[in-house]
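Thank you for making time this morning.

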Amino acid sequence: ELLPVSHADYARCVVDDAFRTRLIEDRFGRARWIPQGGACAEAELGVRLLASEIAEAYDRPPPVVVPAGTGTTALFLARHLAGIATVFAVPCALPPRALREQMRSLDA
């Protein structure tokens, strides 16, 4: 289902936790906000499942190359494929230095 929100309200949701909580609760009651790009710790569960499926699909998994917007998928795949397959991230939304910082903040 699509939720029409003005650009101004979306921009405010990104930076204002209290505003975002009120907006979501007013429209949905209890719900969970997943930031753009899935850049949150909760994403690890789904990526762990993806890593498991990759590991099970191959006797020796090949290197995995993923486009990296927030770096979430690359970070968590690398964590869960460590020692099994190498993960390469291709920066596509942020410069490499900013992507590394974003990934470090997710890894904290």
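This is a predicted model: local features need pLDDT of at least 70, side-chain atom pairs count only at pLDDT 80 or more; totals for chains, interfaces and linings use all residues.

Residues are numbered from 1 along each chain as its sequence is written, and side-chain values use heavy atoms, with hydrogens and water left out.

Let me start with the strands, where helices (H or I, at least four residues) and strands (E, at least two) are DSSP runs numbered from the N terminus. Together with helix α4, residues 72-80, the strands β1 and β2 make a right-handed β-α-β unit, right-handed meaning that, with the strands pointing away from the viewer, the path from the first strand over the helix to the second runs clockwise.

Which residues have the most contacts inside the largest nonpolar core? They are V64, V66, L77, L81 and V87, in a core of 18 residues, where a core is a set of buried Ala, Val, Leu, Ile, Met, Phe, Trp, Tyr and Cys residues joined through side-chain atoms within 4.5 Å, and buried means under 20% relative accessible area, exposed over 50% and partly exposed in between, with a 1.4 Å probe and protein chains only. Two or more residues come from each of α3 (43-57), β1, α4 and α5 (96-107). Leaving aside residues up to four places away in sequence, V87 touches V64, V66, A74, L77, A78 and L81, contact meaning heavy atoms within 4.5 Å.

Turning to charge, the structure holds 6 salt bridges, each a side-chain nitrogen of Lys or Arg within 4 Å of a carboxyl oxygen of Asp or Glu. One of them joins R12 to D16, with the closest N and O atoms 3.2 Å apart; R12 counts as partly exposed at 39% relative accessibility, and D16 likewise counts as partly exposed, at 22%. Another joins E101 to R104 at 2.8 Å between the closest N and O atoms, and because these residues are 3 apart in helix α5, about one helical turn separates them. Finally, salt bridges that share partners join E44, R79 and D107 into one network.
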